[in-house]
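Take the sequence and the model side by side.

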Amino acid sequence: MKKLLNKKMKKYLMLTFSALVIISCGSSKKVVVKREMPTKTVAKVANLKKLESNYSGKNSAEVNELLKDAQKYLGAPYKYAGNTSSGFDCSGLVCKVFDENSTKLPRRSEDQSNQGKSITIKEVKPGDLVFFATSGGSRVTHVGIVHDIGNDGEVKFIHSSTSKGVIISSLNEKYWNNAYLFARRVL
């Protein structure tokens with residue numbers, strides 16, 4: 001009887017762990033894959049938070065190098081706990097890109113959310129980190145690197161999505177807009 005209970009308990013724990021793994025880095029139903037595709041501005045989309053940046057400056061050489069390194073992984077597949085070009089999870093991508101640029105970050109997105117300084121969405125600029133709660137609530141479960149800011153203030157970020165791998169998405173997309181928590185500046 002004890003062996004049967006132990007087996008059932010192990011099976012239950014494995015199923016629970018698997019479910020957590022699947023939702024840990026979030027996914028998007030409609031993800032911007034091609035940057036040339038127009039996206040709606042936040043002001044025109046109903047029921048979305050206004051998540052626009054006032055950034056209008058040029059990037060430093062350090063940020064340009066960071067973004068170049070992030071872009072080389074576009075198209076890499078999603079892989080739980082992955083941090084190589086053969087597959088990334090969200091925090092693995094951030095760790096790898098920052099590590100390639102001589103900045104060490106913790107491995108987990110929740111721990112990364114305590115690095116650097118807190119900034120508002122209006123202050124965000126390329127190279128900053130944006131954090132999300134993809135499973136509801138307020139617990140950090142996903143991270144991305146701000147890639148660029150459109151002329152209208154639209155914030156685009158590069159990240160590893162469970163469904164599409166490494167892509168560029170917009171905070172104007174309903175899924176990401178609703179899941180957005182806060183931003184931090186590490187560089």
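Among the contacts in the chain with a separation of 6 or more, 63% are between residues 24 or more positions apart. The model is predicted, and its chain has 187 residues, of which 45% are buried.

The secondary structure consists of five helices and eight strands. In sequence order the pattern is α-α-β-β-α-α-β-β-β-β-β-α-β.

Within this pattern, consider strands β6 and β7. Strand β6 covers residues 155-161 and runs antiparallel to β7, with six bridges joining the two. Across the pair, Ile158 is opposite Ile168 of β7. Strand β7 itself spans residues 165-170, and six of its six residues are buried, so the rest of the structure largely encloses this strand.

The loop between β3 (117-119) and β4 (129-132) contains Asp128. Is Asp128 buried or exposed? Its relative accessibility is 2%, and because buried means under 20%, Asp128 counts as buried. Beyond its neighbours within four places in sequence, Asp128 is in contact with Ile119, Glu123, Gly144, Ile145, Val146, Arg184 and Arg185. A polar atom of the Asp128 side chain also lies 2.8 Å from the backbone nitrogen of Lys125. Further along the sequence, Val186 is 58 residues away from Asp128, yet the C-alpha atoms of these two residues are 6.6 Å apart in space.

Note on methods. Residues numbered from 1 in each chain as written. Predicted model: local features only at pLDDT ≥ 70, side-chain atom pairs only at ≥ 80, totals over all residues. Heavy atoms only, no water. Buried < 20%, exposed > 50% of the residue type's maximum accessible area, 1.4 Å probe, protein only. Helix = DSSP H or I, 4+ residues; strand = E, 2+ residues; numbered from the N terminus. Pairing = 2+ DSSP bridges. Contact = heavy atoms within 4.5 Å. Polar contact = N/O pair within 3.5 Å; in protein donor to acceptor, adjacent residues only side chain to side chain.
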